[in-house]
Amino acid sequence: MRIRKAVETDFPVMLSLYDEARAFMHSHGNPHQWIGGYPSEPLLRDDLAKGRLYVVVADSGEVVGVFVFFVGIEPTYGRIVAGTWPDDKPYGVVHRIASRQGSHGVGTYALQWAWRKSGRHLRIDTHKDNLPMRRLVAKLDFQYCGIVFMEDGSERIAFQKNGI
């Protein structure tokens, strides 16, 4: 596998990956995350324009994953309850990660890549009902930090991974 910045021609497959991810979440006990067509194509186009939208490419050349990654301040992480961030060091952020059903290891590969690119301080959040993502961040040694709130007021569980 490899990771590269997304390009305009990736949109059909990226939208398909997000459709698959929504269906998977809804059928696996997480019907409240990514509702109403989230993430929307305009939001993804904004991520592309900002240079923070990435795809995971299988050895076969097929795009099997998509995610947002950037190093910088995530405004929704400014307020945290039921815990605290472990430090104020610069950090990377991963959002909106999705993978092709049946493609194993895509999430792990993407998060390990992002952790290295982040300077080894990486934050991520997920919905409380997103058990597959919660298992993945636990497996990769992310630590629970607390609850953060999205722009619409909904809660997400926040995690951070630090390293040398």
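**Figure 1. The buried residues of helix 3.** Val 106, Gly 107, Thr 108, Ala 110, Leu 111, Trp 113, Ala 114 and Trp 115 are the buried residues of helix 3. Here, buried means under 20% relative accessible area, exposed means over 50%, and partly exposed lies in between, with a 1.4 Å probe and protein chains only. Please keep in mind that this is a predicted model, in which local features need pLDDT of at least 70 and side-chain atom pairs count only at pLDDT 80 or more, while totals for chains, interfaces and linings use all residues. Residues are numbered from 1 along each chain as its sequence is written, and side-chain values use heavy atoms, with hydrogens and water left out. Helices (H or I, at least four residues) and strands (E, at least two) are DSSP runs, numbered from the N terminus. Helix 3 has 12 residues and reaches 16 Å from its first C-alpha to its last, close to the 16 Å expected at 1.5 Å a residue. That expected span is 1.5 Å times one less than the number of residues in the helix. After helix 3 comes Gly 119, with a positive phi near 85 degrees.

**Figure 2. Helix 3 meets helix 4.** Moving on to its partner, helix 3 (residues 106-117) and helix 4 (residues 131-139) have axes that come within 11 Å and cross at roughly 50 degrees. The axes are lines fitted to C-alpha atoms, for helices over the stretch in contact, and angles run from 0 to 180 degrees between N-to-C directions. Helix 3 and helix 4 are therefore oblique to each other. On this scale, angles under 35 degrees count as roughly parallel, over 145 as roughly antiparallel, 65 to 115 as roughly perpendicular, and the rest as oblique. The crossing of the two helices is right-handed; a crossing has this hand if the near helix is turned clockwise from the far one by less than a right angle, and is left-handed if anticlockwise. From helix 3, Gly 107, Thr 108 and Leu 111 meet Leu 136, Val 137 and Lys 139 of helix 4, where contact means heavy atoms within 4.5 Å.

**Figure 3. Ser 118 in its loop.** Look for Ser 118 in the loop between helix 3 and strand 6 (121-126). Ser 118 has 6% relative accessibility and so counts as buried. Leaving aside residues up to four places away in sequence, Ser 118 touches Phe 69, Val 71 and Gly 92. The C-alpha atoms of Ser 118 and Phe 70 are separated by 7.8 Å, although these residues are 48 residues apart along the chain.

**Figure 4. The two sides of helix 1.** Helix 1 (residues 11-27) has 17 residues and spans 24 Å from its first C-alpha to its last, close to the 24 Å expected at 1.5 Å a residue. Its buried residues are Phe 11, Met 14, Leu 17, Tyr 18, Ala 21, Arg 22 and Met 25. Seen down the axis of helix 1, these buried residues fall within an arc of 135 degrees, so they line one face of the helix. The arc is that of the directions from the helix axis to the C-beta atoms. Pro 12 and Ser 27, on the other side of helix 1, are exposed. The buried residues pack against helix 2 (41-49), strand 2 (53-57), strand 3 (63-71) and strand 5 (92-99). Gly 29 follows helix 1 and has a positive phi, near 80 degrees.

**Figure 5. Helix 1 against helix 2.** These two helices pack at an angle of about 125 degrees, with their axes 12 Å apart. Helix 1 and helix 2 are therefore oblique to each other, and helix 1 passes helix 2 in a right-handed crossing. Phe 11, Leu 15 and Tyr 18 on helix 1 meet Glu 41, Leu 44, Arg 45 and Leu 48 on helix 2. Between helix 1 and helix 2 runs a loop that holds Pro 39. Tyr 38 and Pro 39 are joined by a cis peptide bond, with omega about -5 degrees.

Figure 6. Arg 96 lies in strand 5 and has a phi near 50 degrees, a positive value in a residue other than glycine. With 11% relative accessibility, Arg 96 counts as buried. Asp 141 sits in the loop between helix 4 and strand 7, and its phi, near 70 degrees, is a positive value in a residue other than glycine. Asp 141 counts as exposed, at 51% relative accessibility.
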